[in-house]
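Here is a short briefing on the aromatic rings of one model, with a closer look at one residue at the end. Have the viewer open as you read.

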Amino acid sequence: MTRLGFLERIPLWQRTIPKYPLHFKGDPQLRVYLPLFWMKMVQPANKFPKNIVLFKVHPQMSKLDIAQYLEKIYETPVANVRTEIREQQIMAPWWNRSKKQWVGRKVVTRIPEKYAYVTLAKDEFVYPTPKKTEKSSDSERYKKYMKIREGHYKELNEALSVPAWFRR
Amino acid sequence: MAALSRVRHMKSKYCIFQAIFTSSKWRCQFATEAARKIDLPSDLKDDAQEGLPDDKPEKGYPAVKPWMPPGSWGEMTRQQAWFWHRGEINHMGRITHVKEKIKFLTDKQMVAWKFPPINIQPNVLKYQLEVTNTILASKDDKYLKPEIYQSVDIKTDYEELKKLCIEAIEIEHALHRDKLKYLAAAKDGRAKSWHALLRGRLLTQTILNAIMSGASRNHEHLQSCSVDKEVTVAACFQRNGVKRPWVPVSRRSPDLSKELYLQNNAMFQGKHVVDFQVRTSLPLPQFISPDHEMCMQADKCVPQYNPKVLGQFRELTQLEITSGFNLGSPNEFTHTSVVCEQLGRLRLVSGEEHWEQSHAGYGLVTSFLSCVAQAHVQGFNMFQDLVYPFTAQTIHTDGRTFRFSMFQLNSLKLWKDPKASPASNVAWISPADNLYEGLTDDRVIGFNDEVFQRLCQCLLLKPSSRDGIKLNPNVKYKAGTPKILKSVKKVEIEEEVVYDR
């Protein structure tokens, strides 16, 4: 068992930031190396103006943290930040019994996720739509899949020498 | 199991049979049909039976309900359209008291988008114009004044009013009012915002008092008007184009179906405090005809984005509609609203462009909420649309810088899509301009006549009744008048006994 112990099971991007003391004027400046803050650009489901971008951020990031993250690291001036916490419902794992809830017939646990609507001061950005690769139609792909599946079953039946009556 | 099902089947048949014979309607029908079938001898026949026709009576079916109610409904479904039509006829149509109408609309808590006049989000003016269904009247980015102001007579009193105004400013600065000289530098952010607000209110109050008292001699509406300070104005409305928030099934009302919860119109609630409000007994005249092409451009004002994306918030709140005075007051129509908040801190932090948008939007939304609240006091609402347009004026000042915004409300049916209701509202917003440059040796320098003329035109615009149109057609009992109940027992004296003494 390492020094972190049970915390190793939680991935780095989900770990909570430890509390640090408040800074008062005159105190030595606090320095945090490699903070656990992260931001991920997300494609919006609804229509967005060109100067507003949607990010998924670490739940402990404040509006000021988000604005400074973009201004200092990516040098993009920010006009406004609006945050929102959405709860994602997932099936409750067996080891997290205390945080589960019955929703209908399912047992769910709620994981809070933080989203930030960032208004850019000068730039404009439109989330790019991925190019559609040349794929065959759905029916052709289904036929291909069924052929492969039949081939697998044939090999299995011959390997196990299954009589013809029981073959799929 | 089969026997049980047979018993249940027989039982159900018996129940139906029993129900038929116990209802009196069916008993009568059976009796008459049975009597007709039996051929009785002539001396036993009842006289009443002779009059019965031999043919079966025609059954009277009720009138067929049309697919959609009368009027235009655009892209609404049948259920949604009938829901709104029933609200207009069955609920609102039967309420004749203003207080009860407002109570019917606001006697509930619901999730509503906040729509305050002071909105510090960037690029907010376009969003406010879309939500209020408003067209901004401007030509080549230049401010256009409504033509009605040209008919306001200010020449007779102009010189006297100018003298009074200048004296009022000089006296206010000469008195020991705490450090009014900071107002001379409008961009100076060193003054604290609440200090600036207090000073602005004091100076504005003296200027308004000077002008209104000097001009009331020749203008009757100023003699009988009411002026109130720090008045709360609130209004709520539903706007098409914004989806309603999702409500879990456990919290939905059993009377409303899923379709009614998924309507494409959401509730907005706006509330703010006006520093000074001038009210009169008659409404302001209309600035533009409701048939003008500018008033029929609702298709250009559809909200494009969800308010959450633009940094707006929503909350579970008690709905509120107040026009700023107690119901029953003789002065029911708002003549002018004056607000003194200048958003100085926003100007320092965010820049001139951002400040200009928020400052212009402040006047726009103040006028809009004032119009909507006035309309509700006269008995109009989102079910019963306006019969004449409502107008409002807002002066945005700190005593030195003035901005004028005018608004005309043409329709309260903002919940209908543009195909069904093409009526739009119109706004005129002037740029911010200084009334005077400053003071030296306690004397005003650089007095701006243009700004002073506009100020006088606003205050001296005469209110008037609408030709031939009743101002409150949906109201029988005015607020303040006692409601007389019909069921009053009459005591009839049959005999009066007089006793001997």
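**Aromatic rings and a buried threonine**

Over all chains, the structure holds 21 aromatic pairs. Rings of Phe, Tyr and Trp (its six-membered ring) pair if their centres lie within 6.5 Å; planes under 30 degrees apart count as stacked, over 60 as edge-to-face and the rest as tilted. This is a predicted model, where local features need pLDDT of at least 70 and side-chain atom pairs count only at pLDDT 80 or more, while totals for chains, interfaces and linings use all residues. Residues are numbered from 1 along each chain as its sequence is written, chains are lettered from A and ligands numbered from 1 in the order in which they are written, and side-chain values use heavy atoms, with hydrogens and water left out.

**Ring pairs**

- Phe115(B) and Phe237(B) make an edge-to-face pair, because their ring centres are 5.7 Å apart and their planes stand at 80°.
- This pair links distant parts of the chain, 122 residues apart: Phe115(B) is in the loop between strand E1 (109-114) and helix H6 (124-131) of chain B, and Phe237(B) is in strand E5 (residues 226-240) of chain B. Helices (H or I, at least four residues) and strands (E, at least two) are DSSP runs, numbered from the N terminus.
- Phe115(B) is buried at 1% relative accessible area, and Phe237(B) is buried at 4%. Buried means under 20% relative accessible area, exposed over 50%, and partly exposed in between (1.4 Å probe, protein chains only).
- Phe402(B) and Phe404(B) form a stacked pair, with 6.1 Å from centre to centre and 20° between the planes.
- Both partners are buried: Phe402(B) has a relative accessible area of 3%, and Phe404(B) one of 1%.
- Ring pairs also join Phe115(B), Tyr127(B), Phe237(B), Phe268(B), Phe368(B) and Phe407(B) into a cluster.

**Charges over rings**

- Arg82(A) lies over the face of Phe313(B), 4.2 Å from the ring centre. The criterion is NZ of Lys or CZ of Arg within 6 Å of the ring centre and within 35 degrees of the ring normal.
- Lys416(B) lies over the face of Trp73(B), at 4.5 Å from the ring centre.

**Around Thr397(B)**

- Thr397(B) sits in strand E9 (residues 390-397) of chain B and is buried, with a relative accessible area of 1%.
- Leaving aside neighbours within four places in sequence, the contacts of Thr397(B) (heavy atoms within 4.5 Å) include Thr204(B), Val339(B) and Phe402(B).
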